[in-house]
Amino acid sequence: MYDCRTKWATAYFRGNFFAGFRTTSRCESLHSELGKHVHSRYNMTDFLQHYHRCVSHMRFREIEDEFSCLHGQPVLQSSFPSLEKSASKYYTKRIFSLFCIVLDKVSGMTVIGCTEVLMYLIYTVRKITSGKEWRVSYYPSTCNLKCSCLMMESRGLPCEHILAVLVHLNIEELPSSLVLKRWTKFASEGFRSHTGDSINYLDPSFLGRWAVLVDMYVGMSELQADTNENFDETREKVWQEFEELKARKVAQLGTSSSSMQGNDEIVRDPVRASTKGRGPPLNSSRGLRVKRKTRCSYCKLTGHNKTTCSQRMRDTQPTDTTCEGSVQFGAEIPFTPSMQNDDASFNVH
């Protein structure tokens, strides 16, 4: 457990990127969303139908969010409109709201000094109220900035100390080194298929163009399907146009697939992590987790329990049909004073 402390101890989260997650809330929310559509009593057919409905609903909400991000501009409200406008062009709405919270804290920061060290500059940023200080390294050649608070490395968002240095240097455009691609509006481009099919069915622009073309062809079909002559003429034109478009698309896919060979920047599934729970005990000698063996509480041997213990069965099984101390048939029963009763008397012959 100590070897993987960076995955569960909050004190070690600093400087390691976990996208702001501290618990398994994302996995639990996904289970909760799936539980609204499926049930344990469903058979296989019903389960697949409801599961497909759940996935379609989630994809539709994702398309709505992406459409609102691409075709909407937030209202600028901070004291630094240039940086805020620059961030609004890259970040999604949810990430942009988190960025605005950090940007509002820049007013409480001030740059008190600068030290030049070889290829970079070190700025000292102080908080006005508490007097606490941070060090921000600035590389002019690459326009890269790093802060001692490690917020950029931990959450993927620039901290208020870095933004204070940008304001001090009169930089109005947010540097690309401070913009993590996974928080941008164009992060879904990394999920496009690299097998030759370049159509993105989750792209709202594609869905809009597709709906317009479908509506136009439906109207044309209603006009040209009244007679056989119009039907044959329209079918020949549409089929010829379809073959030309298909040949052009195949040629484009052939050139794009050849240019994408050797591209390793493909977003893949994350490494599967273990579920909640303590897990099997750790073998300290080899550092591996082994399964604990069952030990019997009667004979102290491993491999079975007290219920299935053969030694206990042999010890508790009677060896003779006649129990020790039993009275045989026809024998005389001796009289003792304890056998006397108040209401009845016993005669012994």
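Which residue forms a salt bridge with E133?

**Basis of the model**

This is a predicted model, in which local features need pLDDT of at least 70, side-chain atom pairs count only at pLDDT 80 or more, and totals for chains, interfaces and linings use all residues. Residues are numbered from 1 along each chain as its sequence is written, and side-chain values use heavy atoms, with hydrogens and water left out.

**Salt bridges**

The partner of E133 is R135, with the closest N and O atoms 3.5 Å apart. A salt bridge here is a side-chain nitrogen of Lys or Arg within 4 Å of a carboxyl oxygen of Asp or Glu. E133 is partly exposed at 32% relative accessible area (buried means under 20%, exposed over 50%, partly exposed in between; 1.4 Å probe, protein chains only). R135, at 41%, is also partly exposed. The whole structure holds 8 salt bridges.

**Pairs in helix α8**

Helix α8 spans residues 228–259 and contains both D232 and R235, 3 residues apart, about one turn of the helix. (Helices are DSSP runs of H or I with at least four residues, and strands are runs of E with at least two, numbered from the N terminus.) D232 and R235 form a salt bridge with closest N and O atoms 3.8 Å apart.

K246 and E243 also lie in α8, 3 residues apart, and their salt bridge has its closest N and O atoms 3.8 Å apart. K246 is partly exposed at 40% relative accessible area, and E243 is partly exposed at 30%. Elsewhere, salt bridges that share partners join E33, K36 and R61 into one network.
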